[in-house]
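I opened my notebook for a structure I had not looked at before. My plan was to go from the whole chain to a few details.

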Amino acid sequence: MTDILPNWYTQPDRPTSIARQGPDGRAVRVSVIVPCRNEGRNIGPVLEWAAPYADELLVVDGHSGDDTRAIAEELGATVLLDNGKGKGDALRVGIAHASGDILVFIDADGSHDPRDIPALVQPIIEGRADHVSGSRMLGGSDELHATINQFVRLFGSQVITLSINYSQGVRLTDSQNGFRAIRADVARSLALESEIPTIEQEMVIKTVRSGFRICEVATHEYVRSNGESNFRVLDVWFQFVKSWLYYLFFWRPQKRAAENLKAEKLGQQDSSAEETDSPGSAEPSGPGEQMRKARSR
Ligand SMILES: Nc1nc2c(ncn2[C@@H]2O[C@H](COP(=O)(O)OP(=O)(O)OP(=O)(O)O)[C@@H](O)[C@H]2O)c(=O)[nH]1
Ligand SMILES: [Mg+2]
C-alpha cells in the first residue's frame with residue numbers, strides 16, 4: 001500500500017498525531033469545524049476519522065433536508081445551524097462558537113482526508129505559522145481536472161493565487177482550498193464577512209495583508225464521496241471577482257494587526273515563548289510543507 005502513496009505522504013516526519021502542547025508547555029485545543037448541507041451519505045466517515053484529532057467537533061449545518069444532523073449528533077458532534085446564506089456564513093458561525101486554540105476547517109463531502117489534520121496543525125502548534133492551508137497543487141486533486149467547468153475553476157483560482165503572490169510577496173500555490181487550520185484568535189481578528197465560499201480567499205488575503213504568517217502543506221483532494229457539488233461557477237463568478245479585487249486592493253488591514261495581537265497575548269499571558277510568534281518570521285519547512293513569509297504592512 002505505502003508504495004502507491006505519494007512521497008510527501010510517507011515522509012517519516014509528516015506527523016500522524018497531534019502534540020497538544022506548544023514548545024512553551026501550554027496546552028493546545030483543536031476545534032474541527034465541518035460545514036455541511038445535505039451530506040447525510042458522506043458526513044459519517046468524515047466525522048469518525050476526524051474525531052480522534054478534535055478536542056471539539058463542530059458541525060455547522062445549512063438546514064439540510066436529509067439525515068445529516070441526526071448522523072452528526074449520533075457521532076457526538078455539536079451541531080450548529082447556519083443562517084441559511086452559504087458556506088462562508090457557516091464557517092463564521094463555527095468560528096464564533098468554537099472554544100479551541102486552533103480551528104481546522106474540513107468539508108463534509110469526503111474530499112479531504114482527516115488524517116492530514118496533524119500535518120495542518122503542527123506548524124501552528126510549533127509556533128511557526130498562524131494559518132496553514134492544505135494545498136491541492138502540492139498534494140494533487142481528483143476534482144480539478146477533466147471538464148470545462150473544472151478548468152474554469154482551476155484557471156480562476158490560479159489567477160487569484162498568482163495575483164496574491166505577486167502583489168504581496170508570498171508564494172502560495174492554492175488560495176481556495178476548504179481544508180485549512182488557523183489560530184482561533186487570528187481567525188477572529190480577521191473579521192470575516194463572506195457568506196459564500198469566497199471566505200477561503202478572504203481568509204488567505206486578510207491573513208497575508210494583516211502580517212500574519214501563512215504556510216501550506218500538501219493535502220490531496222478526492223472526488224466527493226456521493227452526490228453533487230453545491231458549487232456553480234456561473235452563479236458565483238462575479239462574487240469571487242468582487243471579493244478578490246476588494247480584499248486584495250481596497251480593503252484596509254488593521255494597522256499592524258499581527259503585532260497588536262501578539263502584544264495583547266503577551267499582556268495576558270506574559271509568556272516569553274511568544275518571541276517565536278513575530279509576523280513574517282516563518283521557519284524553514286519540512287517535506288511537503290511550504291513556509292511562506294507574509295509581508296507585514
Ligand atoms: N452549512 C453549510 N454548508 C455548506 C453550504 N454550502 C456548501 N456547504 C458545505 O461546504 C462543503 C463544500 O461544499 P461543496 O458543495 O462540496 O463545494 P466544493 O467542495 O467547492 O465543490 P466540489 O469541489 O465540486 O465538491 C461541503 O461540506 C458542503 O456540504 C451551506 O450553505 N451551508
Ligand atoms: Mg467538495
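I began with a cut-off: a residue is buried if 20 or more other C-beta atoms lie within 10 Å of its own. The model is a predicted one. I then looked up the share of buried residues, and 47% of the 297 residues of the protein count as such.

Next I listed the secondary structure. The protein has 11 helices and eight strands. Residues 24 or more positions apart account for 75% of them.

**Ligand 1**

Which residues are closest to ligand 1? I found Gly62, Ala90, Ala108, Ser229 and Asn230. In total, 22 residues surround the ligand. I sorted this shell by class. It holds nine charged, seven nonpolar and six polar residues. I then asked which elements supply at least two shell residues each, and noted β1 (30–36), β2 (56–61) and α4 (87–97) among them.

**Helix α2**

I moved to α2, which spans residues 43–50. Its buried residues are Ile43, Val46, Leu47 and Ala50. They lie on the same side of α2, because they cover an arc of only 95 degrees around the axis. I recalled the rule behind such spacing: an α-helix has 3.6 residues a turn, so residues three or four places apart point the same way.

**Glu74**

I picked one residue of α3, Glu74. Is Glu74 buried or exposed? Glu74 counts as exposed, because it has 11 C-beta neighbours inside 10 Å, and the limit for exposed is 12 or fewer.

**Helices α9 and α10**

Last, I compared α9 (residues 199–209) with α10 (residues 233–250). Their axes come within 9 Å and cross at roughly 10 degrees. Angles under 35 degrees count as roughly parallel, and α9 and α10 are therefore roughly parallel to each other.

Which residues make the contact? From α9 I wrote down Gln201, Glu202, Ile205 and Lys206. From α10 I wrote down Ser243, Trp244, Tyr247 and Leu248. By class, this contact has four nonpolar, two polar and two charged residues.

Definitions and conventions:
Residues are numbered from 1 along each chain as its sequence is written. Chains are lettered from A and ligands numbered from 1 in the order in which they are written. This is a predicted model: local features need pLDDT of at least 70, side-chain atom pairs count only at pLDDT 80 or more; totals for chains, interfaces and linings use all residues. A residue is near a molecule or strand if its C-beta atom, placed from the backbone, lies within 6 Å of it. Helices (H or I, at least four residues) and strands (E, at least two) are DSSP runs, numbered from the N terminus. Ala, Val, Leu, Ile, Met, Phe, Trp, Tyr, Cys and Pro count as nonpolar, Asp, Glu, Lys and Arg as charged, and the others, Gly among them, as polar. The arc is that of the directions from the helix axis to the C-beta atoms. Axes are lines fitted to C-alpha atoms, for helices over the stretch in contact, and angles run from 0 to 180 degrees between N-to-C directions. Angles under 35 degrees count as roughly parallel, over 145 as roughly antiparallel, 65 to 115 as roughly perpendicular and the rest as oblique. Two residues are in contact if their C-beta atoms, placed from the backbone, lie within 7 Å.
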